Amino acid sequence: MAEMDKTNRGAIWKNQKKERDTHPDFTGSLNVNGVEFWVSAWKRKEDASDKAPALSFSIKPKEDRAAPPARNSYADAKGRAPARNDDMQDDIPF
């Protein structure tokens, strides 16, 4: 039997380890374009059904990665500015 492609899919289940009101009601995982994330979800209303609750979500990467630095559109893939070409250093009067 072929393994199911889980890219861009996820699932959550009732949190069996919930000890405080601040802990999520549901937990699970999500795959977005091949990157794995943890998912935490809370019922928006206390009396909401476990089978069809309105939820708010929190998502964080499974691997702690630092946010990539902002790059300007002229930088290369490593964030370096392109080499200057001395032929292009003319003073332009406008």
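Analyst: Buried means under 20% relative accessible area, exposed means over 50%, and partly exposed lies in between (1.4 Å probe, protein chains only). This is a predicted model: local features need pLDDT of at least 70, side-chain atom pairs count only at pLDDT 80 or more, and totals for chains, interfaces and linings use all residues. Residues are numbered from 1 along each chain as its sequence is written, and side-chain values use heavy atoms, with hydrogens and water left out.

User: What pattern does the protein follow, read along the sequence?

Analyst: Helices (H or I, at least four residues) and strands (E, at least two) are DSSP runs, numbered from the N terminus. The protein has zero helices and four strands. Read along the sequence, the pattern is β-β-β-β.

User: Of the 94 residues, what percentage count as buried?

Analyst: Accessible areas come from the Shrake-Rupley method with a 1.4 Å probe; for residues, only the protein chains shown count as cover. The protein exposes about 8,900 Å², and carbon and sulfur atoms supply 51% of it. Of the 94 residues, the buried share is 13%.

User: Where does D25 lie, and is D25 buried or exposed?

Analyst: D25 lies in the loop between β1 (10-14) and β2 (26-32). Its relative accessibility is 16%. That value is under the cut-off, so D25 counts as buried.

User: Which residue meets the side chain of D25 in a salt bridge?

Analyst: A salt bridge is a side-chain nitrogen of Lys or Arg within 4 Å of a carboxyl oxygen of Asp or Glu. Leaving out residues up to four places away in sequence, D25 touches several residues (contact means heavy atoms within 4.5 Å), among them W13, A41 and W42. At 2.5 Å, N to O, D25 meets K18.

User: Which residue forms a salt bridge with E36?

Analyst: The whole structure holds two salt bridges. In this one, the closest N and O atoms are 3.6 Å apart. The pair links distant parts of the chain, 26 residues apart: E36 sits in strand β3 (residues 35-43), and its partner in the segment after β4 (55-61).

User: Which element supplies the largest share of the lining of the largest pocket?

Analyst: On a 1 Å grid over the protein atoms alone, a pocket is an open set of points with protein on both sides within 12 Å along at least five of seven lines, and lining residues have an atom within 4 Å of a point. The lining here is M4, K6, R9, G10, A11, S29, L30, N31 and E36. The elements that give two or more residues are β1 and β2. With three residues, the largest share comes from β2.

User: What is the volume of the largest pocket?

Analyst: Rolling a probe the size of a water molecule over the atoms shows where empty space is left. Grid points are joined across faces, edges and corners, and a volume is the space filled by probe spheres set on the points. For the largest pocket, the volume is about 150 Å³.

Definitions and conventions. On a 1 Å grid over the protein atoms alone, a cavity is a set of points where a 1.4 Å probe fits but cannot get out, and a pocket is an open set with protein on both sides within 12 Å along at least five of seven lines; lining residues have an atom within 4 Å of a point.
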